[in-house]
Amino acid sequence: MNVHPVLYSYRRCPYAMRARMGIYLSGIRVEQREIVFWDKPQSMLEASPKGTVPVLVMRDGDVIDESRDILLWALRQKADSRLLPEDDRLFRQMNAWIDENDGEFKSALDRYKYADRFPEHPQTFYRQQGEVFLAKLEQTLSAQAYLLGENLSMADLAIFPFIRQFANVDKRWFAESNYVGLRNWLERHLQQDYFLEVMKNRPVWEKAHQPLWVFEPDLNRRDEFLIKAQAQ
């Protein structure tokens, strides 16, 4: 039995980013075990044979190995969390945003980022496929600060790491695009401590290592970051 929950993670994976941010904002003490994909820990594979991150192993041995579920679990641990929708309509809207991000958009993103692996079409073809989702985001974010309204929510945390990845494929194109609201929204997230804190470099985990945490709990400081983020 673990003394604390354990999160197997990979720094640059957008799925793992959303899990780490949820844990950071929940204030839960969770051990982070950074992995490399070419040498995955046996303990991680035993917990989740599919071999992808993130994987959260609870103190009692229960496992959550879907990033969306980890994010939702983490945010629910904070009783006064303002990051989860309060009514069914917004909750359905949140899920619809994440479904489209994790489905059609993620497929287009993979082909856009690794276009040399998909020579059937030029890279711009895959970018245009991804822009279907970007246009929807822009329409929403040109009218309001966040995806569900004027406050940060789980929808934003779940999606912005993937938009960051899409933007980084061709930074000049994205900077010069007409997605003004989307760029402002993305930049706002990238400057927040809930992102910066969980993106710090970590050594690859080995059994002999002392535990490293997703973040060092300083709840007053963390709550200040959250209040600031909600106010922007």
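Predicted model: local features only at pLDDT ≥ 70, side-chain atom pairs only at ≥ 80, totals over all residues.
Student: Why is Phe162 called buried?

Tutor: Buried means under 20% relative accessible area, exposed means over 50%, and partly exposed is in between (1.4 Å probe, protein chains only). Phe162 has a relative accessible area of 0%, so Phe162 is buried.

Student: How many aromatic pairs does a search of the whole structure find?

Tutor: It finds 14. Rings of Phe, Tyr and Trp (its six-membered ring) pair if their centres lie within 6.5 Å; planes under 30 degrees apart count as stacked, over 60 as edge-to-face and the rest as tilted. One of the pairs is Tyr15 with Phe162, at 4.9 Å centre to centre and 75° between the planes. That angle is over 60, so the pair is edge-to-face. This pair links distant parts of the chain, with Tyr15 in helix H1 and Phe162 in helix H6, 147 residues apart.

Student: Why is the pair of Phe166 and Trp173 called edge-to-face?

Tutor: The ring centres are 6.3 Å apart and the planes are at 65°, so this pair is edge-to-face. Phe166 is buried, at 1% relative accessible area, and Trp173 is buried too, at 17%. Both belong to one aromatic cluster, which also includes Trp97, Phe105 and Tyr112.

Student: What makes a set of residues a nonpolar core?

Tutor: Buried Ala, Val, Leu, Ile, Met, Phe, Trp, Tyr and Cys residues have to be joined through side-chain atoms within 4.5 Å. The largest one here has 60 residues, and Leu134 is among those that touch the most other members. H6 gives the largest share, 10 residues. Apart from this core lies another, of 10 residues, including Val6 and Ile35.

Student: How do you know that the charged end of Arg29 sits over the ring of Trp213?

Tutor: For Arg, CZ must be within 6 Å of the ring centre and within 35 degrees of the ring normal; for Lys, NZ is used. The charged end of Arg29 sits 4.0 Å from the centre of the Trp213 ring, so the distance is within the 6 Å limit.

Methods. Residues numbered from 1 in each chain as written. Heavy atoms only, no water. Helix = DSSP H or I, 4+ residues; strand = E, 2+ residues; numbered from the N terminus.
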